[in-house]
Amino acid sequence: MTTKFRESFKIVDKALLRWFPGHMGKGMKQMQQKLKSVDCIIEVHDARIPISGRNPDFKYSISGLRPHILVLNKMDLADLSYKQRIEDKIKVNQNISNIIYTNCKDSLCPGVKQVMPTALNLIKNSNRFNRSENCDYRIMVIGVPNVGKSSLINAIRSNILGRKKAAPVGGVAGITRAVQHQIKISHNPLVYVLDTPGVLSPTIINVETGLKLAVCATLQDHLVGEEIIADYLLYWFNKNKNFDYVTYLNCDEPTDDIRIALAKAAIYRQSSIKYRDLSGSYIYRPDLQGMARNFLNAYRTGVFGKTLLDNDLL
Ligand SMILES: Nc1nc2c(ncn2[C@@H]2O[C@H](COP(=O)(O)OP(=O)(O)OP(=O)(O)O)[C@@H](O)[C@H]2O)c(=O)[nH]1
């Protein structure tokens, strides 16, 4: 293979990465206010970005202050051959020892069943701070947007109480906009859960971290731009010698040029945008943005297999 790939990912306009919509700051404040009324924190991450996906602000303002479980969700999309290295890294660098992998789309997932007993055990072994008089237990579920916080609550509730959805779930980031009313997930012991809005850090360490978060749909695509996110994904695939995209995008061979790849795919699928030129005639152009969206959706639904976007950080 003769194609020479980029060795690093450069983004021309860093201002394009505007990832902190106003409601996130508000969400963080609400969580801090609720902290004194909870016994345990469940922090949910996307298992494809277990290192870069975490909001570092949680460590100082929320999760370090109560018994804490880290749930790595969407394990069905993550390359778990790195599992041991991930756990070692998180244990050493972040001092987190309760790590559970889940797939909230699978009602039989053992990880989902493990979350509640682990939380109850941690609570029983803690001093419960100002809540020792309270008979009910309260757990707050936190994380960056779209990682499956509401799905996890629904899956646990359905396992224990056999009830249907209580927390709204959606495919785009930002479905939960404020700290929700408590949701009962167990009668005996009496356990309530608080769902919270996904919160990203206002300052992302570097562009690649931001783009990994974007690839995993933790912020709405239009805030960064579908083509930029697709370009990062293409860069990552090439860097990791994962060339499954070649067939999917109807390319003849691996390429480092996202516009060429998207154009080929759009032409093959007859996906075009119609617009008028100055003379009033219609002109058709390959729909690059639509194809970028399609490429990202394919990745997000596992068409290119299981991946670990953070493999360079282990
Ligand atoms: N493949 C896969 N998808 C999941 C899993 N868990 C949740 N999802 C999907 O991820 C998307 C986001 O799920 P939510 O439960 O709404 O996530 P959230 O963290 O509450 O989202 P916000 O309210 O935006 O913060 C939905 O499309 C879910 O169906 C999982 O384990 N695997």
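Guide: A salt bridge is here a side-chain nitrogen of Lys or Arg within 4 Å of a carboxyl oxygen of Asp or Glu. The model is predicted, and local features need pLDDT of at least 70, side-chain atom pairs count only at pLDDT 80 or more, while totals for chains, interfaces and linings use all residues. Residues are numbered from 1 along each chain as its sequence is written, and side-chain values use heavy atoms, with hydrogens and water left out.

Over the whole structure, the search finds 15 salt bridges. One of them joins Lys4 to Glu7, with 3.6 Å between the closest N and O atoms.

Helices (H or I, at least four residues) and strands (E, at least two) are DSSP runs, numbered from the N terminus. Asp39 and Arg128 are both buried.

Arg131 also forms a salt bridge with Asp39, the closest N and O atoms lying 3.0 Å apart. Because Arg131 lies in the loop between α4 and β4 and Asp39 in the loop between α1 and β1, this pair ties together parts that are 92 residues apart in sequence. Arg131, like Asp39, is buried. Through shared partners, salt bridges join Asp39, Arg128, Arg131, Asp136 and Arg138 into one network.

The chain is divided into domain 1 (19–195) and domain 2 (223–313), with bounds that come from an automatic or database domain assignment. Their centres, taken over C-alpha atoms, are 33 Å apart. To the contact (heavy atoms within 4.5 Å), domain 1 gives 16 residues and domain 2 gives 13 residues. Together the two domains bury about 1,100 Å², of which 58% is on carbon and sulfur atoms; buried area is the accessible area (1.4 Å probe) that two parts lose on being put together, summed over both. On the side of domain 1, Arg48, Leu77 and Tyr82 lose the most area to domain 2, together 44% of what that side buries.

Across this interface the rule finds 0 salt bridges, but 7 residue pairs are in polar contact, both residues at pLDDT 80 or more. A polar contact is a pair of N or O atoms within 3.5 Å; within protein, one must be able to donate a hydrogen and the other to accept it, and residues adjacent in sequence count only if both atoms are side-chain atoms.

Asp310 lies in the segment after α11 (288–300) and is buried, with a relative accessible area of 0%. The Asp310 side chain reaches the backbone nitrogen of Ser52 at 2.7 Å. Not counting residues up to four places away in sequence, Asp310 touches Arg48, Ile49, Pro50, Ile51, Ser52, Gly53 and Lys212.

Key
Buried < 20%, exposed > 50% of the residue type's maximum accessible area, 1.4 Å probe, protein only.
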